[in-house]
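Below is a short report on one protein chain.

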Amino acid sequence: MTRDSFEISEEGGKQKITLKDTLTKNNRGDDQEKSQGGVMLSTGIGPRCPVNTFLLYMDKLNPGCECFWQKPKPKAKSAASVWYCNAPLGKNKIGSKMKDISLRAGTARSYTNHCLRATSVSSLQNAGFKDRDIMTVSGHHSETSIKHYARTTEDTKHKMSEAIAATMSIGPPAEEPSSSKPTQSNSQEIAELEQIMRDISNNPDVMTVPVNITSSSTTNSHVPVNL
């Protein structure tokens, strides 16, 4: 990768950095798009703007070296025009870059270069971008490989827990309809009926005829009464 691997342009009033497409037409297959490289837009937020950081890095590179990754000078003042040596940064040094930054920053864990890729992919997935679109900037060759980066956020886990709890919750038992509860009038009628049955049982010689007694609790019940 060289300093010429990037294109600086402007879009919608914002500066844009584009990684130039290095694929040939044959390697790209049927894809006729101008570029499949990544795009980085300015946020306009001071030194934390990715474009501002990129431009500062490019400005401090050694003009005598075409490599994008250059070996930093042991001691370079902030006001110096060049911060890097006229020599490329070694492959092994590039590979351990994030680990060295983690150590110097005193982070809770040691990060790797791959963490940047994994975090970027997960962030894009959580934001709702499709895997086939993420592939154009992540460098993956299949959507299957992208799926391995899927991570469930804590917010999603909380919502899942609430959904399960909602299906498991049991509300208070419903009250019985008031019509099913015996009223004082019904209880009195039942008591009178029971008393009649006891009287008949104690006097088996009485002549009886069926008489209908209708109430809210009994329907067409035939009871013998003394004539």
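## Ser102

At 5% relative accessibility, Ser102 is classed as buried (under 20% relative accessible area, with exposed over 50% and partly exposed in between, for a 1.4 Å probe and protein chains only). Ser102 belongs to helix α4. Its side chain reaches the backbone oxygen of Met98 at 2.8 Å. Apart from neighbours within four places in sequence, Ser102 is in contact (heavy atoms within 4.5 Å) with Thr107, Arg109, Ser110 and Tyr111.

## Basis of the report

This is a predicted model, in which local features need pLDDT of at least 70 and side-chain atom pairs count only at pLDDT 80 or more, while totals for chains, interfaces and linings use all residues. Residues are numbered from 1 along each chain as its sequence is written, and side-chain values use heavy atoms, with hydrogens and water left out.

## The chain as a whole

The chain has nine helices and seven strands; these are DSSP runs numbered from the N terminus, helices being H or I with at least four residues and strands E with at least two. Of the 227 residues in the chain, 19% are buried.

Among contacts in the chain with a separation of 6 or more, 29% are between residues 24 or more positions apart. The chain exposes about 17400 Å², and 55% of this comes from carbon and sulfur atoms (Shrake-Rupley method with a 1.4 Å probe; for residues, only the protein chains shown count as cover).

## The second largest pocket

The second largest pocket has a volume of about 280 Å³. A pocket is an open set of points on a 1 Å grid over the protein atoms alone, where a 1.4 Å probe fits, with protein on both sides within 12 Å along at least five of seven lines; lining residues have an atom within 4 Å of a point. Grid points are joined across faces, edges and corners, and the volume is the space filled by probe spheres set on the points.

Its lining consists of Lys71, Pro72, Leu89, Lys93, Lys97, Asp100, Ile101 and Arg104. By class, the lining has three nonpolar, no polar and five charged residues (Ala, Val, Leu, Ile, Met, Phe, Trp, Tyr, Cys and Pro are nonpolar; Asp, Glu, Lys and Arg are charged; the others, Gly among them, are polar).

## Lys16

Lys16 lies in strand β2 (residues 14-19) and counts as buried at 15% relative accessibility. The side chains of Lys16 and Glu11 make a polar contact at 2.7 Å (a pair of N or O atoms within 3.5 Å; within protein, one must be able to donate a hydrogen and the other to accept it, and residues adjacent in sequence count only if both atoms are side-chain atoms).
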